[in-house]
Amino acid sequence: LFALLVSSGDLELRHFFFPHSSVPNVVSAKRWLGLVRVFLFVDMMKQIFGKLPRKPSKSSQHEPNGDALNGNSFFNSSLGPNSLNSSKPGSAFKFSNSGSHLNGGTVNSHSSSSANSNQGKKTDPLASQAGLMLVSGIYEALPGFRDVPSTEKQSLFLKKLNMCCVVFDFSYPTKNLREKDIKKQTLLELVDYISSVTSKFNELAVQEMTRMISANLFRTFPSPNHDNKLLEIYDLEDEEPAMDPAWPHLQIVYELLLRFVVSPETDAKLAKRYMDHSFVLKLLDLFDSDDHRERDYLKTILHQIYGKFMVHRPFIRKAINNIFYRFIFETEKHNGIAELLEILGSIINGFALPLKEEHKLFLVRALIPLHKPKCASTYHQQLSYCITQFVEKDYKLADTVIRGLLKYWPVINSSKEVMFVGELEEVLEATQAAEFQRCVVPLFRQIGRCLNSSHFQVAERALFLWNNDHIRNLIIENRSVILPIIFPALERNTSGHWNQAVQSFTLNVRKIFTDVDHVLFDECLSRFQEDELKEKEMQERRELTWKRLEDVVSSTTAASNEAVLVSRFVSSIAIATATATSPTPMVGN
């Protein structure tokens with residue numbers, strides 16, 4: 001203003017501002033005007049830069065005790081158990097932090113792998129909004145859903161999801177107690193909201209839900225037993241179950257995810273864009289958790305995802321197959337095989353007929369080889385159910401299944417052999433006569449070996465097959481082939497087995513064959529007696545040959561006074577031939 005007045009043509013104003021100059025120079029006035037413009041520009045820039053967010057100082061990032069908050073990027077979560085509804089609904093929390101790593105109680109603000117998998121989707125404004133909220137370094141509660149109007153609940157829901165992306169280190173139970181409690185109460189409120197919402201979730205809500213879930217659930221397990229093939233050094237059944245210290249929060253996140261998936265307000269066509277193949281793979285990786293409670297939740301959630309997202313079904317089956325292949329042929333270590341088989345049991349039960357070739361290959365290449373690992377006892381019940389489901393769906397698969405069992409039949413593991421006989425009974429119960437006849441010879445050769453097992457439980461379990469009406473009828477129909485195979489085992493059990501119960505059960509089986517076909521039984525008995533007599537005569541000849549050899553050796557040593565070593569490993573046939581063709585027996589020295 002001063003420069004403008006000076007540069008004007010008013011002489012009185014000029015003399016007022018320049019009393020010591022009679023005629024002020026207009027050029028000087030222009031110079032003053034330039035300086036004023038510079039000052040105005042500098043002041044304007046100060047105001048602009050003052051409105052921009054400033055980088056927080058180190059003191060604002062850390063708590064007084066040295067713990068920092070982890071502002072993990074924002075993901076979706078799962079529903080909590082029904083029992084969680086009884087908990088007091090807390091209010092959601094509000095946090096601010098520019099982010100550092102979650103190590104030893106610190107909290108890290110990072111983007112999750114789930115967010116990376118959803119590249120190309122438009123970025124939500126809440127992410128930038130939450131970034132601005134991370135400046136103050138505080139973690140405070142937001143109002144509850146009951147305290148805001150209905151029009152603001154959707155926005156509050158998104159804010160609460162963003163706040164729950166903070167991940168705390170539960171290996172330090174005394175750190176961030178207040179913040180952990182705020183997060184727990186917020187998760188409980190989200191569970192209640194998911195259960196009571198009456199409008200469809202929009203795309204932004206689905207995206208934020210998925211991101212929060214990924215931030216809280218998807219992690220790497222640090223167990224030293226992973227990828228360890230030296231299973232001989234420990235017994236899986238003797239290990240105490242591991243309990244994740246973060247489970248109180250993880251349980252609510254899993255429950256939130258479960259309720260979100262099963263909610264009728266979740267649009268499958270929209271949700272599949274964010275719960276994509278990458279999300280499913282990371283969910284399957286969690287089945288290797290040491291905590292059985294987590295695996296139980298995962299089992300239920302994956303089954304619901306399989307039912308809701310039909311487009312993901314082939315991919316889920318293929319991914320489970322790959323887990324089985326790696327377990328069978330590489331690591332022989334995985335904690336979630338039983339839960340995955342339980343899911344597959346329900347899936348197989350829903351297969352349409354006729355079975356696709358893909359499903360038959362899954363049976364041959366994955367399910368049957370699962371009998372091979374030494375730790376098969378940990379999941380054998382679920383595996384047996386899956387195998388039986390296939391045979392019930394298509395009885396023609398019985399021969400394939402039975403021959404597969406015989407291929408992986410244990411040799412020295414008696415407890416595993418008992419399980420195999422039990423599974424064999426379930427398969428035979430669903431087997432038709434034509435399929436039974438195809439495998440009857442190798443099958444009952446193995447059953448005969450089981451009947452003569454010195455482990456009484458193996459022999460007893462094999463004898464129990466005759467208690468099943470269907471199996472007994474199949475055996476009776478094919479008795480002309482079966483009885484000659486197992487008759488020697490029955491006779492040896494009757495006279496020589498050390499266990500009285502086994503002897504008693506064997507007599508019952510013999511009586512069944514006697515009552516059904518006495519002629520066949522007598523033929524088998526006479527043949528067995530003849531074979532026993534031949535075996536006895538051969539044994540006597542063998543002993544006589546050795547006695548003659550010993551006599552020759554003793555006479556030779558008496559004459560020469562030299563020690564002679566006679567090898568008893570020379571075959572009796574060679575000895576008999578030598579003694580027949582030469583007057584001097586074979587003597588080794």
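**Helix packing and two residues**

Modeller: In this predicted model, helix α24, which covers residues 479-496, packs with helix α25, residues 500-516, at an angle of about 145 degrees, and their axes are 10 Å apart.

Biologist: What is the handedness of the crossing where α24 passes α25?
Modeller: The crossing of α24 with α25 is left-handed.

Biologist: Which residues make that contact?
Modeller: On the α24 side the contact is made by Arg479, Leu483, Ile486, Leu490, Glu491, Asn493 and Thr494, while α25 brings Val502, Gln503, Thr506, Leu507, Val509, Arg510, Phe513 and Val516. Sorted by class, the residues in the contact of α24 with α25 are 8 nonpolar, 4 polar and 3 charged.

Biologist: Okay, another pair: at what angle do α10 and α13 cross?
Modeller: Helix α10 (residues 247-262) and helix α13 (residues 292-308) cross at roughly 15 degrees, and their axes come within 10 Å. Angles under 35 degrees count as roughly parallel, and α10 and α13 are therefore roughly parallel to each other. As for handedness, α10 passes α13 in a left-handed crossing.

Biologist: And which residues meet there?
Modeller: From α10, Trp247, Gln251, Tyr254, Glu255, Leu257, Leu258, Val261 and Val262 meet a set in α13 made up of Arg293, Glu294, Tyr297, Leu298, Thr300, Ile301, Gln304, Ile305 and Lys308. This contact of α10 with α13 has 10 nonpolar, 3 polar and 4 charged residues.

Biologist: Staying with α13 for a moment, is Tyr306 buried or exposed?
Modeller: Tyr306, which has its place in helix α13, has a relative accessible area of 9%, and since buried means under 20%, Tyr306 counts as buried.

Biologist: What does Tyr306 contact, leaving aside its neighbours within four places in sequence?
Modeller: With those neighbours set aside, Tyr306 is in contact with Arg313, Ile316, Arg317 and Ile347. If you also want to relate Tyr306 to Val280, the two are 26 residues apart in sequence, and their C-alpha to C-alpha separation in space is 9.9 Å.

Biologist: Changing topic, where is Ser384, and which helix holds it?
Modeller: Ser384 is in helix α17, which covers residues 380-393. With a relative accessible area of 4%, Ser384 is buried.

Biologist: Which residues does Ser384 touch, not counting those up to four places away in sequence?
Modeller: On that count, Ser384 touches Glu423 and Glu426.

Notes
Residues numbered from 1 in each chain as written. Predicted model: local features only at pLDDT ≥ 70, side-chain atom pairs only at ≥ 80, totals over all residues. Heavy atoms only, no water. Axes fitted to C-alpha atoms, helices over the stretch in contact; angles between N-to-C directions. Helix = DSSP H or I, 4+ residues; strand = E, 2+ residues; numbered from the N terminus. Left-handed = near helix turned anticlockwise from the far one by under 90°. Contact = heavy atoms within 4.5 Å. Nonpolar A, V, L, I, M, F, W, Y, C, P; charged D, E, K, R; others polar. Parallel < 35°, antiparallel > 145°, perpendicular 65-115°, else oblique. Buried < 20%, exposed > 50% of the residue type's maximum accessible area, 1.4 Å probe, protein only.
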